[in-house]
Structure formats: C-alpha cells, structure tokens
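This report looks at a few helices and the residues around them. Please have the sequence and the model at hand while reading.

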Amino acid sequence: TLILALEKNKIKTVATQERFIHTFCTSFANVILDTYYVTSEFAADFIKNSKYHDIKNLIPIGSYRSDYLSSFRKAIIPEEIFKAKDEGKKIIIALGYQSPNNWFESYTSLETNWSSQMSFLEDLVRLSQSLKDTFIVIRYKTLDWITNEYFKQILKKINNCENIIISMNYKESFYAYKLCANADLVIAKHTSLADECLANEIPVLFYEYGHNLKKIMSDVFNYLSSGLMCYNFEELLERSNSLLFNNSSKLKNKITELNKKIYYVKEKGNVKNKIINNLENLISTI
C-alpha cells in the first residue's frame with residue numbers, strides 16, 4: 001500500500017532483491033517498483049515474464065550480501081573451525097531453521113516444528129558418524145530453542161560427538177558468512193545464504209525433506225534438476241561424499257553450470273558499490 005501511494009504521487013521507488021527464491025514465488029513476495037536490482041540475468045528474465053510483478057526497470061546486479069563471502073573467503077578462519085581445518089578435515093556448515101519456543105506454535109508450523117528440528121539434528125549426527133575426516137558446524141539464526149527440554153537428549157548426543165558442534169558465536173557480525181566462506185560443503189534448509197554460497201561456487205546441498213514431508217521448496221524452484229535437492233538421508237550422505245571426496249564429481253560441474261546460468265551477471269563482485277553507483281546515476285537523471 002505504501003508503494004502504491006508513492007507511485008500515485010510520482011515518487012520513484014527502488015529496491016534490491018534480498019532472496020533469490022522469491023523470484024519464483026507466486027502467492028507472496030510480489031513486487032511493484034520503478035527500479036529493481038536483481039540477483040542475476042536469469043532472475044530478471046523470469047520476473048520480466050511473470051504476471052505477479054509490475055516493475056518498469058530490471059537491473060541484474062548480483063546479491064549484495066554475497067560481497068561478505070568474497071571478502072571473508074580464506075581470509076578469516078573462525079575459531080570454531082580453526083583446529084579442524086588445521087588438521088585437514090573437510091568443513092561442513094549446516095544451516096537450520098530455529099524452532100518456536102512454545103508447543104502450540106510448533107504444532108501449527110510445517111517446517112520449523114519441534115519434530116522437524118529433531119529430524120534435522122538426528123540426521124546431521126548420523127552424517128557426522130558416516131563421513132570420515134569431516135567436521136560439522138550447525139548454525140542457526142538464534143539459539144533460543146536450546147533451552148527447550150524437548151531437545152535435551154539430542155543436544156547431549158551432539159556434545160558427546162567429536163566432529164560435530166552447534167555454533168555458539170553470536171557476538172561477531174556476519175559470523176555465518178565467515179563460516180560459509182571457509183566451508184567445503186554447506187547443507188541447508190532453504191535460506192538466501194545458501195543461494196549466495198552457490199553464486200560464489202561454494203558447494204551446497206539442500207535438506208529438502210523432514211520427518212513428515214518432502215519437496216519443501218523444490219516445487220517452487222528445483223535448481224534446474226541439478227541434484228542439489230536431497231529427499232532422504234541416503235541421498236544426503238551419497239552426495240556429501242561425492243562433493244567432498246570425489247574430484248570428478250558431476251555435482252561440482254552442475255554447481256559451475258548453475259553459476260553460469262541462474263546466478264550470472266555481466267560484472268562480478270562488489271555488488272554494493274555497483275548498486276550505489278547506479279543509484280547515484282539514477283538520482284542525477286530525475
């Protein structure tokens with residue numbers, strides 16, 4: 001409603017695309033703008049042909065937060081993974097959805113309910129026991145849920161494992177980006193950080209299943225059937241092994257292809273500066 005009011009008063013509206021997956025959503029994340037800085041040429045073409053958006057000027061420019069991955073990559077090694085990396089272990093960063101604090105909120109949540117959270121953690125423990133020479137760091141946006149008695153036993157199990165931890169550092173800015181910048185593999189419930197990793201050719205596997213459902217996001221967009229969506233634990237284990245220890249893995253080639261097709265922009269890097277420069281030029285012509 002605010003955008004419509006601005007449009008009626010002939011005030012120009014400009015925005016940057018925050019989440020790549022919103023390109024394909026039809027029921028929400030619909031955009032009405034004069035100028036939209038989008039994540040890629042692929043996203044621009046898709047939005048241009050979509051009846052769910054009304055945008056006058058689409059500019060493919062990249063994901064502005066991916067700048068953090070570029071600047072942190074192999075420059076800053078977080079303390080939580082330093083020892084494992086020094087020992088030559090492969091680093092896996094697992095990105096999960098935090099659960100609601102109350103049981104009644106959990107019951108109505110499809111993806112973030114307590115049972116789904118438990119399934120995710122149990123499978124990560126299984127993965128840590130099945131993969132040799134690896135170190136798994138589980139990262140959440142918040143850790144409020146760890147005080148929940150429901151997760152007491154799984155947290156104890158994780159604490160007793162040598163090669164898996166839950167990240168506890170929430171003091172450093174952009175710490176999740178520092179972890180992912182140093183990852184050999186990212187395993188994720190669908191999040192924009194995973195797309196930003198793929199755009200930087202950091203291998204990602206999407207945890208696309210839970211205790212009671214499959215195809216959480218792949219019905220919206222399945223990454224050109226590239227095999228990055230894992231629909232059960234066996235697929236997750238096999239594809240993790242392939243990406244981590246097989247130099248000729250076809251999945252690595254698929255990630256390179258995705259980078260060229262769905263994340264492609266003409267000029268790579270320094271996305272924030274490109275947006276600022278373009279915006280200054282836009283303002284000067286008004």
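How far apart are the end C-alpha atoms of helix H10, and what should its 13 residues span? The model is predicted, so local features need pLDDT of at least 70 and side-chain atom pairs count only at pLDDT 80 or more, while totals for chains, interfaces and linings use all residues. Residues are numbered from 1 along each chain as its sequence is written, and side-chain values use heavy atoms, with hydrogens and water left out.

At 1.5 Å a residue, H10 (residues 233-245) should span 18 Å, and its end C-alpha atoms are 18 Å apart, which agrees; the expected span is 1.5 Å times one less than the number of residues. Helices are DSSP runs of H or I with at least four residues, numbered from the N terminus.

The axes of H10 and helix H11 (residues 250-261), which are lines fitted to C-alpha atoms over the stretch in contact, come within 8 Å and cross at roughly 80°. The two helices are therefore roughly perpendicular, a term for angles of 65 to 115 degrees. Their contact (heavy atoms within 4.5 Å) is made by the residues below.

| Helix | Residues in the contact |
|---|---|
| H10 | Arg239, Ser242 and Leu243 |
| H11 | Leu251, Lys252 and Ile255 |

Arg239, Ser242 and Leu243 are also among the buried residues of H10, buried meaning under 20% relative accessible area with a 1.4 Å probe, protein chains only.

Technical notes
Buried means under 20% relative accessible area, exposed over 50%, partly exposed in between (1.4 Å probe, protein chains only). Axes are lines fitted to C-alpha atoms, for helices over the stretch in contact, and angles run from 0 to 180 degrees between N-to-C directions. Angles under 35 degrees count as roughly parallel, over 145 as roughly antiparallel, 65 to 115 as roughly perpendicular and the rest as oblique.
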